[in-house]
Amino acid sequence: MSVMSSMMRGARLLRSSAPLLTWPQSRRLASKQVKGQRKEQKKPNLKPKVDKQEVEIRQGMTAAALAAAMNRDFDHVVEALLNTPVDLDSLRPDSVLEDSWIKEAVIRSGMKFRWAKLGESRERPNRDAQRRPPADPALLVSRPPVVTIMGHVDHGKTTLLDSLRKSQLVATEAGGITQHIGAFLVQLPTGERITFLDTPGHAAFSSMRARGAHATDIVVLVVAADDGVMNQTVESIQHAKNAKVPIIVAVNKCDKPQADPQWVKQELLAHGVVCEEFGGDVQAIHISALKGDNLQALAEATVALAEVLELKADPGGPVEAVLIESRTDKGKGPVTTVIVQRGTLRRGCVLVAGRCWAKVRFLFDENGHAVLEAAPSAVVQVVGWKELPSAGETVLEVESEQRAREVVEWRSHQAEQHKLLGEQSAIELKQQRHLEEYWREREPLAHLSWRQRRAALYRADKIRFSMRPSERTESDEPGLPLVIKGDVDGSVKTLLNILDGYDAQDECRLDVIHFGVGDVSENDVNMAATFGGSVYGFNVAASRGVTQLAARRGVALQLHRVIYQLVEQLRHELSSKLPPQRRCSTVGEATVLAIFTVSVGKKEVLVAGCRVQKGQLDRRLKFRLIRGRDTVWEGSVLTLKHHKDDVATAKAGMECGVSVDGEVDFSAGDVIECFEEQEVPRVTSWDPGF
C-alpha cells in the first residue's frame with residue numbers, strides 16, 4: 001500500500017509540474033503571435049480620410065428644406081430621426097424642425113453642418129410691380145389740371161375753394177384752419193373742370209404741403225394783401241420749386257382797407273417769384289375770396305396755364321395713381337383718397353400701394369356719392385384695402401389678387417433684407433468697437449507674462465463688476481411714453497415729424513411706444529398704462545368704456561381737434577415731469593454799522609448792529625453775509641432785536657441787532673441779506689417752432 005500510494009503521489013506531482021514547465025514558453029509564443037497579428041491587422045486599416053459632406057442649415061428649416069440642403073429625399077430625414085423624441089407620425093415635409101433635431105439629422109447622416117450667414121440671402125426673382133413705359137402720343141387725351149392751393153395759415157385758401165364751388169367748408173374746420181389735404185373736382189361755369197387740393201397752412205403740416213406739391217400740375221399761392229409773405233408762404237414756394245411746378249399768385253383780401261398788393265408782389269421778388277409786371281412769367285391775380293371778387297380771372301388764368309402745359313393722359317390700360325390721404329372708417333374699413341394719373345379706375349380693380357393691396361369694392365367722390373369709374377385727374381375715395389397704406393405711396397393696378405400678393409410679399413422681403421443689412425452693419429460696428437476697446441485695455445499689459453497679465457485682468461474686472469450698478473435698478477430720470485392716434489395717416493405722420501424734432505431728451509425722455517390710425521381703443525390705454533405713459537389723439541374719439549378704463553388705470557387721455565393745442569398740452573405735460581427749480585428772492589438788506597458782544601449767561605455772543613436799507617428782515621427766513629462780492633456766510637439767525645426787544649421782523653429804516661448761529665466774523669460795511677427760497681415749476685426747453 002505504501003508503494004502504491006507513493007507511486008500515485010509521484011504521478012500527481014508529474015501532472016501538476018508539467019504545465020509549470022511548458023506555460024512560460026507557450027505564453028511567450030502566444031504573446032509574439034498576438035503582437036504579430038496586431039501588426040498585420042493595422043496595415044489593412046490604413047485608408048485615406050474621406051471628407052464629409054457639408055450642409056448649410058438655418059433656424060426654422062422645414063423637413064423638405066433640410067432634405068434639399070442634404071441632397072436627399074424626405075424619407076431620408078425620417079430615417080435619420082428614428083429613435084428620437086420627434087413624433088414621426090405627424091412629421092410632414094412642411095413641418096418646421098427644432099435646431100437640435102436639424103443638427104441631429106445631419107450628424108446621423110454622416111455629414112457636417114454650418115450655419116448660414118446673417119446677410120447671406122438666396123437670389124429671388126423680382127416680382128415687384130412697375131410703372132408702364134410712356135404711352136403712344138396718339139392715345140393721349142386732354143385731362144383736367146390738378147391745382148394745389150398753398151400758402152400761410154389764415155390767408156384764405158379754404159375760403160377761396162368755398163367760393164369756387166359755392167360750399168361752406170370753413171365752418172367745418174376745427175379752429176378755422178385746414179388740417180388735412182382736401183381734394184375736390186370743381187366744374188367752372190365755363191365748363192372746364194379743375195381738381196383742387198387744399199393743403200394745411202399751419203407750420204406743423206410741412207410734410208402734407210410737400211406731398212401736395214409733388215402730386216400737382218399747378219400751384220396757386222395764396223398771399224394775404226394785408227399780411228404779406230409769411231413763413232409758410234416761403235415754405236410753399238420752396239415745395240413748388242422742388243417739385244418743378246409752375247406758380248400762380250392769388251393776392252387775397254384785396255377788399256380790406258389796409259391791403260397793398262404791390263407790396264406783396266415786391267416781397268415775392270426776394271424769394272424768386274417774379275410776376276409778369278416785373279418782367280417775369282408768374283401771373284398775379286388780385287382777388288377777394290370772401291366776397292368772390294375776380295375769381296373768374298383766377299379760373300381763366302389757371303385754364304390758360306393748363307392749356308400751355310398741354311396736360312394729357314392715357315385713359316386706357318392699368319391704373320396709376322398717387323395716394324393723397326388714408327384713414328380708417330368704422331363702416332368701410334381702410335379708406336384712401338387717390339388722384340388718378342393714368343388709366344381708368346373701376347370697381348373690381350386690384351391695386352397695390354406700398355406693402356398693402358386692395359380689390360376695389362366701392363368708389364366715392366368728394367361728396368360721398370358712389371361712382372362707377374374715375375378718369376385721369378379725378379379724385380376718389382377707394383374702399384377695399386386689406387390694410388391701411390401710407391399717404392404718399394404710388395398706387396398701381398395689377399392683373400389679379402395672386403399677383404398683388406406676390407408684389408406685397410416681394411416688397412416685404414426687400415424691406416426685411418434692408419433691415420437685416422442695417423442690423424448687420426450695426427453689429428459689425430459694435431464688434432469693431434469692442435475689439436478696439438479690448439486691445440486698448442490689453443496694450444498696457446503687453447510687457448507682462450501671461451500669469452501676471454491674467455492676475456492684473458482679474459483684479460481689474462473684480463473692481464469693475466463690484467462698482468457696476470444693478471441692472472434691475474429703475475432709472476430716476478423723468479420720461480414720458482406716448483401713444484399717438486390720428487384720424488388719417490397724414491396727421492399721424494405730421495405728429496411723428498413734430499416729435500422727431502424733440503431736442504430735450506436730457507431734461508425728460510420722450511418715447512413713442514405706439515402710433516396708429518383710428519379711435520382710441522382699450523389696447524391703447526392698456527399699453528400706455530403698462531409703460532406709465534399718456535394717450536394723445538388728434539381728431540379721434542374715445543368711447544365711454546375707453547374713457548372709464550383710462551380713468552381707472554390712471555392714464556392721461558388727451559384728445560384734441562387743433563394740432564397746436566395738442567402740442568401745447570404735450571409741452572405742459574413734459575414740463576410737469578421736470579423737477580422744480582429752487583429760486584431765491586431777496587426780501588430785505590441791512591448794512592452792518594458796528595460789532596459788539598453781549599453776555600448770555602456765561603457765554604459771550606457776537607452781535608452785529610445793523611440798519612435795514614431795503615425791504616425787511618424776517619427771522620424765520622434765511623440770511624447770507626456778503627462782503628464785497630463774496631458770500632461769507634449763509635444760514636439762520638438766532639436773535640433779531642430792536643433795542644432790547646426781540647422782534648420777528650425789522651423794516652426799512654430800523655436799527656437792529658443780529659446774532660447768528662456759529663462763529664461769524666462781522667465787519668463794518670458788510671451787507672446782511674434776507675432771502676426766501678421758493679420752488680418754481682420748470683418749463684421744457686423744447687420749442688416745436690409754432
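Tutor: Terms before numbers. On a 1 Å grid over the protein atoms alone, a cavity is a set of points where a 1.4 Å probe fits but cannot get out; lining residues have an atom within 4 Å of a point. Grid points are joined across faces, edges and corners, and a volume is the space filled by probe spheres set on the points. This is a predicted model: local features need pLDDT of at least 70, side-chain atom pairs count only at pLDDT 80 or more, and totals for chains, interfaces and linings use all residues. Residues are numbered from 1 along each chain as its sequence is written, and side-chain values use heavy atoms, with hydrogens and water left out.

Student: How many cavities of 30 Å³ or more are there?

Tutor: There are 2. The largest cavity holds about 60 Å³.

Student: What lines the largest cavity?

Tutor: I149, L160, L164, I194, F196, V220, L298, A299 and T302. By class, that is 8 nonpolar, 1 polar and no charged residues. Here Ala, Val, Leu, Ile, Met, Phe, Trp, Tyr, Cys and Pro count as nonpolar, Asp, Glu, Lys and Arg as charged, and the others, Gly among them, as polar.

Student: Which element gives the largest share of that lining?

Tutor: α9, with 3 residues. Helices (H or I, at least four residues) and strands (E, at least two) are DSSP runs, numbered from the N terminus.

Student: Now the second largest cavity. What is its volume?

Tutor: About 50 Å³. Its lining is I484, L495, I498, L499, L566, V567, L570 and W686. Two or more of these residues come from each of α12 (489-500) and α15 (563-577).

Methods:
On a 1 Å grid over the protein atoms alone, a cavity is a set of points where a 1.4 Å probe fits but cannot get out, and a pocket is an open set with protein on both sides within 12 Å along at least five of seven lines; lining residues have an atom within 4 Å of a point.
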